[in-house]
Amino acid sequence: MLSVYLICVGKLKEQFYKDACAEYMKRLSSYCKLTLVELPEAKLSKDPTLGEITNALEKEGDAIRAKIPPSARVAALCVEGRMRSSEELSQMFPVPGHSPDKHMVFIIGGSYGLHPSIKAEANVQLSMSPMTFPHHLARVMLLEQIYRAFKINEGSSYHK
């Protein structure tokens, strides 16, 4: 069974986000082994300098890198990434028995995004939209799209 890792900087605080994530994680349990990794967001001053932000992103990047399993296919969510349709996203998931990929990793950064090295090391840079969303909502949206990708690949009517 494919292992899917969702590495997120920051913890969900709002119950409605937690509930939505829990629902999609439950649905995904039939399709993959999903591991959610929540990393702490670096503490910054109220009005951080560019240097403080860069240092924080570097520390977060090191923590992210430490959680990526060897030989994983990695997708970093970032504004510079390419937008994909749900069908295109579904094509990123290997067909069981037809691909050497055993681990898929999706990375969602904190409020200041991801360190440039994480984006550069990723196999794919993925953008959800040119609009700005809270990174907690992006987690819910990504889980739904991963679930939709599995449903597309099985030929289900979920994706209309």
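The model is a predicted one, in which local features need pLDDT of at least 70 and side-chain atom pairs count only at pLDDT 80 or more, while totals for chains, interfaces and linings use all residues. Residues are numbered from 1 along each chain as its sequence is written, and side-chain values use heavy atoms, with hydrogens and water left out.

As for its neighbours, two strands pair if DSSP finds at least two bridges between them. Strand β1 runs parallel to β4 and is joined to it by six bridges, and I7 has I107 as its bridge partner in β4. Strand β3, residues 73-83, is also parallel to β4, with four bridges between them, and here A75 is partnered by F106 of β4.

Now to helix α2, residues 50-67, whose 18 residues reach 26 Å from the first C-alpha to the last, close to the 26 Å expected at 1.5 Å a residue, the expected span being 1.5 Å times one less than the number of residues. Which residues of α2 are buried? They are I53, A56, L57, E60, G61 and I64. Because these cover an arc of only 140° around the axis, they sit on the same side of α2; the arc is that of the directions from the helix axis to the C-beta atoms. On the other side of α2, K59 and A66 are exposed. The cover over the buried residues, counted by contact (heavy atoms within 4.5 Å), includes β1 (3-9), β2 (33-39), β4 (103-108) and α4 (116-121).

Next, the aromatic rings. Rings of Phe, Tyr and Trp (its six-membered ring) pair if their centres lie within 6.5 Å, and planes under 30 degrees apart count as stacked, over 60 as edge-to-face and the rest as tilted. By this rule there are six aromatic pairs. One of them is the tilted pair of Y24 and Y147, at 6.2 Å centre to centre with 50° between the planes. This pair links distant parts of the chain, since Y24 lies in helix α1 (residues 15-28) and Y147 in helix α5 (residues 135-154), 123 residues apart. Y24 is buried at 17% relative accessibility, and Y147 is buried at 9%. The rings of Y31 and Y147 have centres 6.1 Å apart and planes at 75°, so that pair is edge-to-face. Ring pairs link Y24, Y31, F93, F106, Y147 and F150 into a cluster.

Finally, the cysteines. A disulfide here is a pair of cysteine sulfur atoms within 2.5 Å, and a search of the whole structure finds zero of them. C21 is in no disulfide, the nearest cysteine sulfur being that of C8, 7.6 Å away. The sulfur of C32 is 14 Å from the closest cysteine sulfur, in C21, which is too far for a bond. C21 is buried, with a relative accessible area of 4%, and C32 counts as buried at 3%.

Conventions:
Helix = DSSP H or I, 4+ residues; strand = E, 2+ residues; numbered from the N terminus. Buried < 20%, exposed > 50% of the residue type's maximum accessible area, 1.4 Å probe, protein only.
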